[in-house]
2 protein chains.
Amino acid sequence: MSVTIKDVARESGVNISTVSRELNDEYGVHPETREHVIAVASRLKYRPNRVARGLVTGRSNTLGLIVSDIRNPFFAEVARGAEDAARAAGCDLVLCNSDLNAHKQIEYVHSLLAKHVDGILMNSVAVLSRAQQEDLAQCPVPIVLLNGATSRRNFSSVCANNTAGGSLAANYLLKLGHRVLGHITGPRRNGNLSDRARGFLTAVTADERCPPPLVLNGENSFLGGYELTQRLLDGNPGVTALFAANDIMAFGAVRAIYESGRRIPQDLSLIGFDNVELASALHPPLTTIHQPKYEIGKAAVEILVARAGKHADRSPEFRVLDVELIERQSCQSV
Amino acid sequence: MSVTIKDVARESGVNISTVSRELNDEYGVHPETREHVIAVASRLKYRPNRVARGLVTGRSNTLGLIVSDIRNPFFAEVARGAEDAARAAGCDLVLCNSDLNAHKQIEYVHSLLAKHVDGILMNSVAVLSRAQQEDLAQCPVPIVLLNGATSRRNFSSVCANNTAGGSLAANYLLKLGHRVLGHITGPRRNGNLSDRARGFLTAVTADERCPPPLVLNGENSFLGGYELTQRLLDGNPGVTALFAANDIMAFGAVRAIYESGRRIPQDLSLIGFDNVELASALHPPLTTIHQPKYEIGKAAVEILVARAGKHADRSPEFRVLDVELIERQSCQSV
DNA sequence: CTGAAAGCGCTAACAG
DNA sequence: CTGTTAGCGCTTTCAG
């Protein structure tokens, strides 16, 4: 067995509560006693058992992070921001991959709750039924979501200004003289991606010189981007610019575009969203909309930490972070 | 407060120990009693408190994963394999990013130990001093490492056959007729990368038609790959093939190669290592050595789980997984 | 098959 | 400033 508070108390000739105080409070312990206890504790290599502490305090100093898949570079970046912030607040972060599957999401939430985490960070509750969402809202710990629209104001949320980002992409393409535009995106009703689409559509539609843009829904992945782009190009050879809902899909698009015999940007301009690290590694380097992924994770954890604990204010907070156009070389004027 | 085992006991008119048995044992409870207790428990939406359970059983059903940075797609994939396996074994996975920093690594280990995790998965202990490594080996829970060489046989480990992978890359390039070869890699004494370099060097040196290959050490990142390749190309315009220690560095290399006015593979062949998802998204699609990242994470957790618990056999296990050449379009014969 | 009781390691009143 | 005493919610002997 490992050394416990009792051992330290016995070895240093004081009561365990004195040791406990010494460990937690700043005050209430005689400096001399404190010195002594500290010495004994470190000689014994005493490490307080955090689970025992958690049992009595009701706080576990653990946060849950439920993403669809950590292999998605967007979530990896968010996770890093979240973990750094959690660590700074003295918390652990437990990682869960839900594949955006309702059943798994619920399972994870229950598992985390059973472990009495102090808060939960989820990327989306859009796949949950109305009833399940109501259920979640009753959750005894704070939850923060990584998208805006679907939150129904029951949960805190932090996300990029996706709508603005969509418009930014549209206006950039418009300014370059493009008129027949395409947009490939993920499944319908995906909070963040839908917002991007909305922003894009609004901006394009507002320009009377443009026909309605072509938008195709599909799988949010490299392969999805690839297939959607093939379909779009096959059916609409006249399109001169393409907006991909995120960089991963843009990567798939690049592949499909090259295979169709077109060049980027000479024959077709391409713009992505996210600004993942490898966007600049692409050939040509991908023009994209930057969103502050690391900061999103960080902000989410900060919101959680502020709401953790029995008597914290639980009123939801909604934070929207700015996006930014990153001009590289995958777009040119017509 | 949430509903506890006491509430269930009271509501169903039995003793808490009966409820506890019902929850854990298969036998020893009268079927009728059991039915009744189950009914009450689910009516009350009872969820056993896992931290309380952990306190008495000594097992937390939690595993720690310490990687250098989850944003590295290799680790993201490992993490996913690990998390899936952990979940299958009923465990949580807590994520830690060490940046390969000795101090952080130690901190994380202590933090995880204080939380009484059942096992720890670390990518490497190479940055730790000899003494720190000895210390770690005394750890009360099993540790599995993600590299072979540095483990000093004190820890279990699972990794790809990096040496074989290095040779595979070399022989492939040799077979294509290349003779003046370059290799860009991470810092010296990085277990896995060093093994790749060794395998590569051995194979090239064995071929008498080849001059000794040029190997450059630098930062293990996109930027590192970029800078190293610039330097290599500047100093040695005659090189016809390049082996990058991993795909991320290969991505950086691509950028530098294009900027130097060379084409891939016409002017320079390039081969990577890892086979990350985006390797096929590159232009041209990257030829690389595949290593089973997901399976590495999965295997590591299985080793841990088998060694968790007080009386498990802790004798270290060393698993080496096979690698495979993935031929795409970034290499051609001279 | 079920109940009573002890205790995991720690914190938190409450006395002193 | 320090000791005593209850528990936190659960498992686990030990009786019955």
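This is a predicted model: local features need pLDDT of at least 70, side-chain atom pairs count only at pLDDT 80 or more; totals for chains, interfaces and linings use all residues.

1. The C-alpha atoms of chain A, taken along the principal axes, fill a box of roughly 85 × 40 × 30 Å.

2. As for the make-up of the chain, the secondary structure of chain A comes to 12 helices and 12 strands. Of its 334 residues, 51% count as buried. When contacts in chain A between residues at least 6 apart in sequence are considered, 72% of them join residues at least 24 apart.

3. Turning to the interface, 39 residues of chain B are in contact with 39 residues of chain A. On the side of chain B that touches chain A, the elements that give two or more residues are the helices H4 (50-57), H5 (73-88), H6 (102-114) and H11 (247-259), together with strand E2 (92-97), of chain B. H5(B) gives the most to this side, with 6 residues. By residue class, the side of chain B that touches chain A divides into 20 nonpolar, 8 polar and 11 charged residues.

4. The relation between the copies can be stated as follows: chain B is superposed on chain A by a rotation of 180° with 0.0 Å of shift along its axis, at an RMSD of 0.1 Å. The two copies are therefore related as by a two-fold rotation axis. Within chain B, the C-alpha nearest the axis is that of Val94(B), which lies 2.1 Å from it. The same surface serves both copies, in that 100% of the contact residues of chain B recur in chain A.

5. Which residues of helix H2 (residues 16-24) of chain A are buried? They are Thr18(A), Val19(A) and Glu22(A), and because these buried residues fall within an arc of 100° when seen down the axis of H2(A), they line one face of the helix. The buried residues of H2(A) pack against helix H1 (5-12) and helix H3 (31-43) of chain A. On the other side of H2(A), by contrast, Ser17(A) and Asn24(A) are exposed.

Definitions and conventions. Residues are numbered from 1 along each chain as its sequence is written. Chains are lettered from A and ligands numbered from 1 in the order in which they are written. Helices (H or I, at least four residues) and strands (E, at least two) are DSSP runs, numbered from the N terminus. A residue is buried if 20 or more other C-beta atoms lie within 10 Å of its own, exposed if 12 or fewer, and partly exposed in between; C-beta atoms are placed from the backbone. Two residues are in contact if their C-beta atoms, placed from the backbone, lie within 7 Å. Ala, Val, Leu, Ile, Met, Phe, Trp, Tyr, Cys and Pro count as nonpolar, Asp, Glu, Lys and Arg as charged, and the others, Gly among them, as polar. Copies are superposed by least squares on the C-alpha atoms of residues with pLDDT of at least 70 in both. The arc is that of the directions from the helix axis to the C-beta atoms.
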